[in-house]
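This report goes through one protein model, starting with its pockets and moving on to its helices and a few single residues. Please keep the sequence and the 3D view open while reading.

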Amino acid sequence: MSEWFEQGWLLVVGLGNPGRKYAQNRHNAGFHCLDRLAEKHHLAFDARRDKALLALGRIGGRRVILAKPQTFMNDSGQAVGALARFYKVPPGDVFVIYDDLDLPQGVIRVRPRGSSGGHRGLTSIVEHLGTREFPRLRVGIGRPPGRMDPKAYVLQDFDAREQETMDEVYERVLGAVEAVIQEGIKETMNRFNARPAPDAEE
């Protein structure tokens with residue numbers, strides 16, 4: 001196992017908005033990834049703490065907490081900060097998965113740290129952790145068409161064609177999370193940050 005995740009809990013956070021109204025929205029890509037990760041590893045979101053739904057267990061021999069904040073996107077840091085303090089998880093062991101308008105649909109990017117890039121959920125987490133030094137995985141959802149308001153775009157559901165693409169994306173995300181646990185973030189970046197197609201542009 002990589003030295004990057006050596007001891008203690010790994011807190012894997014998927015960002016989204018709670019409730020049926022938002023369930024299939026583009027903005028809920030983080031939730032969708034965690035749901036599939038939990039299903040694959042036979043974990044259940046059967047716990048609740050600090051304004052988040054939790055699934056606790058092991059993936060690849062590592063103790064993990066899968067967390068879906070129930071605060072609504074812009075206040076995600078309230079849950080993440082509180083969970084990190086309660087479970088004594090350092091920022092370097094908080095791994096955040098979220099949708100990104102600035103990546104084409106079908107592209108994912110793993111990074112060990114960085115700015116929020118204007119994503120309000122990530123901005124909230126930076127504020128509550130007090131640092132930008134935590135790893136994250138960006139799930140590309142593409143830019144809105146024409147002059148459509150990005151706020152309206154992210155709160156729309158994926159159409160059928162987009163959903164097919166995202167189902168493939170989510171499988172890559174699961175592989176990336178597993179690789180982070182077993183191989184470390186540098187190797188994961190080398191393997192999963194490649195473009196999925198020659199004409200994909202960031």
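Which helices and strands each supply at least two residues of the lining of the largest pocket? In this predicted model, they are the strands β5 (94-100) and β7 (136-140) and the helices α3 (120-129) and α4 (150-154).

## Pockets

The lining of the largest pocket is made up of 28 residues. Those lying nearest the centre of the largest pocket are His27, Leu101, Gly118, His119 and Arg120. By class, its lining holds eight nonpolar, 10 polar and 10 charged residues.

The second largest pocket has 13 lining residues, and Ala23, Asn28, Phe31, Asp35 and Lys68 are the ones nearest its centre. Helix α1 (residues 29-40) gives the largest share of this lining, four residues.

| Pocket | Volume | Lining residues by class |
|---|---|---|
| Largest pocket | about 640 Å³ | eight nonpolar, 10 polar, 10 charged |
| Second largest pocket | about 160 Å³ | four nonpolar, six polar, three charged |

## Arg120

Arg120, one of the residues nearest the centre of the largest pocket, belongs to helix α3. Is Arg120 buried, partly exposed or exposed? Arg120 counts as partly exposed because its relative accessible area is 49%, and the range for that class runs between 20% and 50%. Leaving aside residues up to four places away in sequence, Arg120 touches Asn74 and Lys151. Arg120 is also 9.7 Å from Gly77, C-alpha to C-alpha, although 43 residues separate the two in sequence.

Why is helix α2 (residues 76-86) described as largely enclosed by the rest of the structure? Eight of its 11 residues are buried, so the description applies. The buried residues of α2 are Ser76, Gly77, Ala79, Val80, Gly81, Ala82, Leu83 and Ala84. They pack against the strands β1, β2 (47-49), β3 (52-59), β4 (62-69) and β5, and against helix α3.

In α3, the buried residues are Gly121, Leu122, Ser124, Ile125, Val126 and Leu129. Their packing partners are α2, β5 and β7.

How do the two helices lie against each other, and at what angle do their axes cross? The axes of α2 and α3 come within 7 Å, with a crossing angle of roughly 40°. This crossing is right-handed. On the α2 side, the contact is made by Ser76, Gly77, Gln78, Val80, Gly81, Ala84 and Arg85. On the α3 side, Gly121, Ser124, Ile125, His128 and Leu129 take part. Sorted by class, the contact has four nonpolar, seven polar and one charged residues.

After α2 comes Lys88, with phi near 55°. Just after α3 comes Gly130, with phi of about 75°.

## Residues in loops

Most residues other than glycine have a negative phi.

Asp50 is not a glycine either, yet its phi is positive, about 50°. Asp50 is found in the loop between β2 and β3. Its relative accessible area is 28%, so Asp50 is partly exposed.

Lys21 is placed in the loop between β1 (10-14) and α1. Is Lys21 buried or exposed? Lys21 counts as exposed because its relative accessibility is 66%. Between Lys21 and Asp157 there is a separation of 136 residues in sequence, while their C-alpha atoms are 9.8 Å apart in space.

Methods: Residues numbered from 1 in each chain as written. Predicted model: local features only at pLDDT ≥ 70, side-chain atom pairs only at ≥ 80, totals over all residues. Heavy atoms only, no water. 1 Å grid on protein atoms, 1.4 Å probe; cavity = no way out; pocket = protein on both sides within 12 Å on 5 of 7 lines; lining within 4 Å. Points joined across faces, edges and corners; volume = space filled by probe spheres on them. Nonpolar A, V, L, I, M, F, W, Y, C, P; charged D, E, K, R; others polar. Buried < 20%, exposed > 50% of the residue type's maximum accessible area, 1.4 Å probe, protein only. Contact = heavy atoms within 4.5 Å. Axes fitted to C-alpha atoms, helices over the stretch in contact; angles between N-to-C directions. Left-handed = near helix turned anticlockwise from the far one by under 90°.
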